[in-house]
Amino acid sequence: KDVDECFANMEISKTAIRNAAMQAETGVTPFAATKVTALLKPSALLSVSRVIHLFLHTFPEEAIPIYPLGDIPEAEPGDPAPVLKRIKVSKFFKDLRSKFPGLNDSHLQPIVDAADLDKDGYTDYADWYKATEILWQNEEVIKGFGWDPIPAEDMDQIKQGIDLASELADLASELGVRLMFDAEQTYFQPAIDMTVMQLQYK
C-alpha cells in the first residue's frame, strides 16, 4: 500500500465510526471494526512481528505461562490466584549474555529499563511481553542479539500505522464507539497486538 491508500482507508474507517455512533440513539452499544493491515503495508507488520517473536522466545521457557496473557484463569474459591513466575533480572540477563555473546552493557541497560519497570530486580513474562513493545524499535539492541534490524522503510510504515490507528481510536472515543481491530494471520499478529496495545495504554 502507498501512503495515499493508507490515508484513504483511514477515512473509510472514520466514516464507519461516525455511522456506528448513530446506533447509540437506538440503545445499542455502537461499535466499528477496522484492520491494521488497511493502515500500513503487511510487509512492515512481518518485519516487526519477526523481531517481537524473537524477543519473546528469549524468555526462559519454564517461566512462560501455558495460557495466553489475556486469558489467565480465575482461581477456584479458596485457592490462591494464579500468578506469573517471576525471575531475577540479574540471572535473566546473565543467561542472555551467555546465549547471545554480541550483547554488551550498552545493549543490556535499555533491556533492563524496559523489562524491570518497577525497579524491584524481578521480571515476569507479562513485563517481558510489554518490554518487547519498546525494544523492537532499538536497532542497536537488535544487532546485539545478532538479528537483522527492521528496515527503515518498514519502521516508518509501522510508526505511521500506529499514528493512523491512534487517530481512529481518538475519534471512536470521542463519539462513544467501541473500536474492534480484526485479528490477522498469525505470522504478523505480534505487530498487530503491539499496535492495539499502544492504543489501550492511552
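The questions and answers below concern salt bridges.

Modeller: This is a predicted model, in which local features need pLDDT of at least 70, side-chain atom pairs count only at pLDDT 80 or more, and totals for chains, interfaces and linings use all residues. Residues are numbered from 1 along each chain as its sequence is written, and side-chain values use heavy atoms, with hydrogens and water left out.

Biologist: How many salt bridges does the count come to?

Modeller: A salt bridge is a side-chain nitrogen of Lys or Arg within 4 Å of a carboxyl oxygen of Asp or Glu. By this rule, the count is 10 salt bridges.

Biologist: How many residues apart in sequence are the parts that lysine 41 and glutamate 153 tie together?

Modeller: The side chains of lysine 41 and glutamate 153 form a salt bridge, at 2.9 Å from N to O. Lysine 41 lies in the loop between strand S1 (31-34) and helix H2 (42-56), and glutamate 153 lies in helix H7 (residues 152-175), so the parts tied together are separated in sequence by 112 residues. Helices (H or I, at least four residues) and strands (E, at least two) are DSSP runs, numbered from the N terminus.

Biologist: Is lysine 119 buried or exposed?

Modeller: Buried means under 20% relative accessible area, exposed over 50%, and partly exposed in between (1.4 Å probe, protein chains only). Lysine 119 forms a salt bridge with aspartate 113, their closest N and O atoms being 3.5 Å apart. Aspartate 113 is partly exposed at 36%. Lysine 119 has a relative accessible area of 53%, so this residue is exposed.
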